[in-house]
Amino acid sequence: MCQNHGVAYIKPGMVEVQSIEYPKLALGDRKCEHGVILQIVSTNICGSDQHMVRGRTTAPAGLVLGHEITGLVIEAGRDVEFITVGDLVSVPFNIACGRCRNCKAGQTGICLNVNPSRPGAAYGYVDMGGWVGGQAEYVMVPYADFNLLKFPDKDQAFAKIRDLTLLSDIFPTGYHGAVMAGVGPGSIVYVAGAGPVGLACAASCHLLGAAVVIVGDMIPERLAQAKSFGCETVDLRNDTPLADQIAAIVGVPEVDCAVDCVGFEARGHGSEAGTEHPATVLNAVMNVTRAGGAIGIPGLYVTGDPGAKDDAAKEGSLSIRIGLGWAKSHSFYTGQCPVMKYHRQLMNAILYDKIQIAKAVNVEVISLDQAPKGYQDFDKGAAKKFVIDPHGMMN
Ligand SMILES: NC(=O)c1ccc[n+]([C@@H]2O[C@H](COP(=O)([O-])OP(=O)(O)OC[C@H]3O[C@@H](n4cnc5c(N)ncnc54)[C@H](O)[C@@H]3O)[C@@H](O)[C@H]2O)c1
Ligand SMILES: [Zn+2]
Ligand SMILES: [Zn+2]
């Protein structure tokens, strides 16, 4: 029997690398003939994992984490027709059947058949269908023909693997946030959050032709990272209101488009930057987005938050000034990014050197054993995207 090791959530503030079961090509008692087993080449730590590890979700102890997976196919079920053993593939973090009405409409983030408790599933994530995560050496991927993106040339792909590893989540997610905010040539954009998703979104805004991309955060190293590839930045610890800081950059206190790359663990602005105020970003983006503008919201909002300060927020109810958004005819777009909608195009943007996405988000490759330290450093606000290389195949 092959060995497998994975990163498990133990309790708030703690993850551990454990010996875990080698994946079976099975769904319960049934053989999963449409699935494959992957030897994992790279698997990234995400801000979404941090919500669980900080104890801000109902994730159970022992959950094997990891939804950002790139790997080599080492076994394929009988019904897998177009993916073969030896292929190097990117796995969208959304698990999708390819057969339900939402999948058929390209809405793979809310597949109706892969999670008995709600639409949408992901590997290694609370409430997302119980699928085993991929911060591990091996993982099982169902509906392989539909889900997987095969890289056209393995040698070429290994040469750009630090960039391509970002196709499983944050590059498409950041790009989706920008697209949903209506970013295009000449746009002036505000991106809230300079974590990996915010930085990937800012780089995507440049790819889409934005004229000015203003990134806001309260961590100076992360803002410096945004500056390193041509973004303007605003430090939200500053007492000057966000609108005035935007006016100092573009001459008016508003932007065409805004993207929330923060989510429900948002901090306040100015003197409140040290404490959590979950509706801050949603209210701020309504405040600074022009009338008629659109707002992309890839930042995560939950239906259950045991760590929230008040009872309403414990159920995901936040104090949002929806009247302002209504008055300005704003459009809002929320939810999981349907990765498959974008990953092929963004792969080509990487392979043909149209974007340096690993550099923008500052990828740092670590071993599986270093994952617990990666979680800690990321939680402290390191201006890095940690990528786990469980078999030492990335160099
Ligand atoms: N929709 C999707 O499909 C999808 C996919 C991946 C990640 N996400 C979510 O995107 C969000 C960002 O992910 P990440 O990996 O970059 O996380 P992260 O925690 O590293 O980054 C969040 C950043 O927001 C900053 N921040 C806090 N309050 C702020 C405020 N009021 N204004 C501006 N910045 C503020 C933090 O300092 C931090 O740098 C998370 O909520 C994550 O769960 C969603
Ligand atoms: Zn992720
Ligand atoms: Zn489906």
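Helices (H or I, at least four residues) and strands (E, at least two) are DSSP runs, numbered from the N terminus. With those names in hand, here are the close-up views.

This is a predicted model, in which local features need pLDDT of at least 70 and side-chain atom pairs count only at pLDDT 80 or more, while totals for chains, interfaces and linings use all residues. Residues are numbered from 1 along each chain as its sequence is written, chains are lettered from A and ligands numbered from 1 in the order in which they are written, and side-chain values use heavy atoms, with hydrogens and water left out.

**View 1. The shell around ligand 1.**
Welcome to the surroundings of ligand 1, where 31 residues form the shell; a residue belongs here if one of its heavy atoms lies within 4 Å of the molecule. The closest are Ser 48, Asp 217, Arg 222, Arg 267 and Cys 337. Helix H1 contributes the most to this shell, with three residues. By type, the shell holds 15 nonpolar, twelve polar and four charged residues. Here Ala, Val, Leu, Ile, Met, Phe, Trp, Tyr, Cys and Pro count as nonpolar, Asp, Glu, Lys and Arg as charged, and the others, Gly among them, as polar.

**View 2. Polar contacts and cover of ligand 1.**
Now look at individual atom pairs, where a polar contact is a pair of N or O atoms within 3.5 Å; within protein, one must be able to donate a hydrogen and the other to accept it, and residues adjacent in sequence count only if both atoms are side-chain atoms. The side chain of Asp 217 places an N or O atom 2.6 Å from an oxygen atom of ligand 1. Polar backbone atoms take part too: one of Val 197 is 3.0 Å from a ligand 1 oxygen, and one of Leu 300 is 3.1 Å from a ligand 1 oxygen. On its own, ligand 1 has 870 Å² of accessible area, of which the protein covers 94%. Such areas come from the Shrake-Rupley method with a 1.4 Å probe; for residues, only the protein chains shown count as cover. Two or more shell residues come from each of H1, helix H7 (196-207), strand S11 (212-217) and helix H10 (280-288).

Donors are N, O and S atoms within 2.8 Å of the metal (3.2 Å for Na, K and Ca); water is not among the atoms, so sites may look incomplete. His 67 sits in the loop between helix H1 (47-53) and strand S6 (69-76), and Asp 169 in the loop between helix H5 (161-164) and helix H6 (170-180), so the pair ties together parts that are 102 residues apart in sequence. His 67 is buried at 2% relative accessibility, and Asp 169 is buried at 4%. Buried means under 20% relative accessible area, exposed over 50%, and partly exposed in between (1.4 Å probe, protein chains only).

**View 3. The zinc ion (ligand 3) and its cysteines.**
What coordinates the zinc ion (ligand 3)? The donors are Cys 97 (SG), Cys 100 (SG), Cys 103 (SG) and Cys 111 (SG), at 2.3 to 2.4 Å. Their spacing along the chain is C-x2-C-x2-C-x7-C. With angles of 100 to 120° among the four donor atoms, the site of the zinc ion (ligand 3) is tetrahedral. Cys 97 is buried at 3% relative accessibility, and Cys 100 is buried at 6%.

**View 4. Helix H6 and what follows.**
Ten of the eleven residues of H6 are buried, among them Phe 171, Tyr 175, His 176 and Met 180. After H6 comes Gly 182, with a positive phi near 80°. Gly 186 lies in the loop between H6 and strand S10 (188-192), and is partly exposed at 45% relative accessibility.

Tyr 143 is not a glycine, yet its phi is positive, about 45°. Tyr 143 belongs to the loop between S8 and helix H3 (144-147) and is buried at 13% relative accessibility. Asn 362 also has a positive phi, near 60°. Asn 362 is found in the loop between helix H14 (357-361) and strand S16 (363-366), and is partly exposed at 28%.

Technical notes. Four donors count as tetrahedral if all angles lie between 85 and 135 degrees; four count as square planar and six as octahedral if opposite donors are over 155 degrees apart and all others between 65 and 115; anything else is irregular.
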